[in-house]
Amino acid sequence: MKDNTINQNKFQSQSDLPFLPSDTPFSNEQKRWLGGFFAGLHSRLAITQENVQNVTAQSVTQKPLTIIYGSQTGNAESVAEQASEAAAEAGLAPTVYDMDDVSLEDLAKTERLLLVTSTYGEGEMPDNAQALWDSVESETAPRFDNTHFSVLALGDTNYDGFCVAGKLWDKRLEELGAKRISDRVDCDVEYESLAKTWIDTVLPIIFEKGSAAAEQTAKGDTSVKTKKTKAKFNRQNPLMAKLKKKVVLTGDASSKQICHFEFSLQGSGEQYKAGDILNITPKNRPDLVSEILQFFNIDCDAVAPSQPEKTVEELLLNDLEIRAPSKELIAEIAKNAPQSELARLSRAEFSQSLDDYLYGKDVIDLLIAHPGAIADFESLVPLLKPLSARAYSISSSLLAHDDEVHLTIGSVRYHTNGREHNGVCSTYLADLMQEDEEIACYFSANKHFAIPDDGSTPIIMVGPGTGIAPFRAFLEERQAKSHNGPNWLFFGDRNKATDFIYQDEIEQMHSSGFLTRLDLAFSRDQAEKIYVQNLMWKNGKELYDWLEKGAYFYVCGDAFRMAKDVDKMLTKIVATFGGMSEESAVAYVNSLKKQKRYVRDVY
């Protein structure tokens, strides 16, 4: 039997038809028609094959774009992925990298670089950016002479270190020879609009820079990231979640108040992981709104400036940040009251003294202290920031509490300058929200602050006060998943009798053996104050042994004192019980951070 397979290399014309033998039951006219049909088919196949080759060649020669991010809570990562999606649509070949996943040597070879970074605390690098920054800041850092770049910085103008991390990266890359294609953009809390404008601006410019088809040199996954499913609920479209339960956790005699809140997710379809964050959009306290209206002698029903559909009361309750003074307000008061202490301290050389002066003061405090500096209510409104959501560590696991999310929040209250002061969101929830009422909220992923995938991995958790919140979630999650890895918790507060929150749950986990180790530091129960870092040192040898066995080390809580003290103590423990120099101990701790085995959720 003859082989009737089409041989495209030999198939040159309608008459060259070896697959139509002479004894086929077709007339000569039918054979000519079939010959024409197959010739046309071959021609179309050849064209299609050529197109595929051209498309393949085009995809190979697409200009690569490297996008790196430094992120503490996920916002910078989200913007980086948004930039990646837009870059792919613009004909570039983008790759997104966590700063911990990029070596400086490879980064220096990149021709097109977009950098997105948040700033942590009072002007520090995010945890995932610190190691790379240490490398780029060193005297031995390589040159970036062939790199074209732009920086987007995320920050909060309520902090003195506003966007410092982005500013430092922008300056250092230029010092190393990189060429800035567009000015750095510094974003406040409401960053979305500026971020989009930055993306739309830089992509057409960076597309024209560099060689036609530079090699992608950064190591790691070089594939374009797949587009993530966008969250159903976000800052602009929050979820309305019902408050199911509110409980005061601290005792009546406590010097503080910590509350436990349970919100329903029923019917929302929303999910979260242990370690994630819930953002809550609060309302301002009516008593603070009344103080501002009384100061300017305005009726609550008066029409809001430039917003005739609202009253001034509605504007202040729902839209504006009226507790923490904005930098714009401080600058305006200093300008209009040039002989004041505030004006004197506003000069650069007194920045630390200005912080001390402003500590604990709210908008009303400054208005009262500088009468006439802000002429009227209409002058005040443009100087106030939009009321922003507050981020809280989730203190529950969905595996333990179906269709619920729990929060553990300390109520901010203090008396100063002859007035009572209250935290915006903490006391909104504690004092004003009633069970069965709804709150506007949305979730944020906290990608690296999560339990290990391997259930046999040991974990060490340091979370005094409300810092215990995510660790309650961790323990619930590991218990629900039947993880058998050892769990070690360092917890503490002021007094055990009044401030040992979740005591029954924690002690039950400990007595059952699930919580392998529990170390408690109640600072005011004895003459000499004891803190969690003191107990870390006391158990330093065992803590180091756990790290050597692959333990993950987590910290949650106060960023300005506790977290820094814990970091110093961890380095000291590694140096002492690991027999290392201080330099080697720092490198060891940085290695833990790079492996995502030392992560923090601090505020």
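A cavity is a set of grid points where a 1.4 Å probe fits but cannot get out, and its lining residues have an atom within 4 Å of such a point. In the predicted model described here, five cavities of 30 Å³ or more are present. The largest cavity has a volume of about 200 Å³. It is lined by 18 residues, of which Ser71, Gln72, Asp127, Asn128 and His448 are the closest to its centre. Among the secondary-structure elements, strand β21 (residues 598–602) makes the greatest contribution to the lining of the largest cavity, supplying three residues. By class, this lining comprises four nonpolar, seven polar and seven charged residues.

The second largest cavity has a volume of about 60 Å³. Its lining is formed by Ile468, Phe471, Arg472, Leu475, Leu489, Tyr502, Glu505, Ile506 and Met509. Two or more of these residues are given by each of the helices α15 (469–480) and α17 (503–512). Seven residues of the lining of the second largest cavity are nonpolar and two are charged, while none is polar.

Helix α20 (residues 562–577) gives the most to the pocket lining, with four residues.

Within α5, the buried residues are Ala165, Gly166, Trp169, Asp170, Arg172 and Leu173. In an α-helix, residues three or four places apart point the same way, because there are 3.6 residues a turn. The buried residues of α5 pack against the strands β3 (112–118), β4 (148–154) and β5 (179–180), and also against helix α4 (130–137). Just after α5, Gly177 adopts a positive phi of about 100°.

Terms used:
Residues are numbered from 1 along each chain as its sequence is written. This is a predicted model: local features need pLDDT of at least 70, side-chain atom pairs count only at pLDDT 80 or more; totals for chains, interfaces and linings use all residues. Side-chain values use heavy atoms; hydrogens and water are left out. On a 1 Å grid over the protein atoms alone, a cavity is a set of points where a 1.4 Å probe fits but cannot get out, and a pocket is an open set with protein on both sides within 12 Å along at least five of seven lines; lining residues have an atom within 4 Å of a point. Grid points are joined across faces, edges and corners, and a volume is the space filled by probe spheres set on the points. Ala, Val, Leu, Ile, Met, Phe, Trp, Tyr, Cys and Pro count as nonpolar, Asp, Glu, Lys and Arg as charged, and the others, Gly among them, as polar. Buried means under 20% relative accessible area, exposed over 50%, partly exposed in between (1.4 Å probe, protein chains only). Contact means heavy atoms within 4.5 Å.
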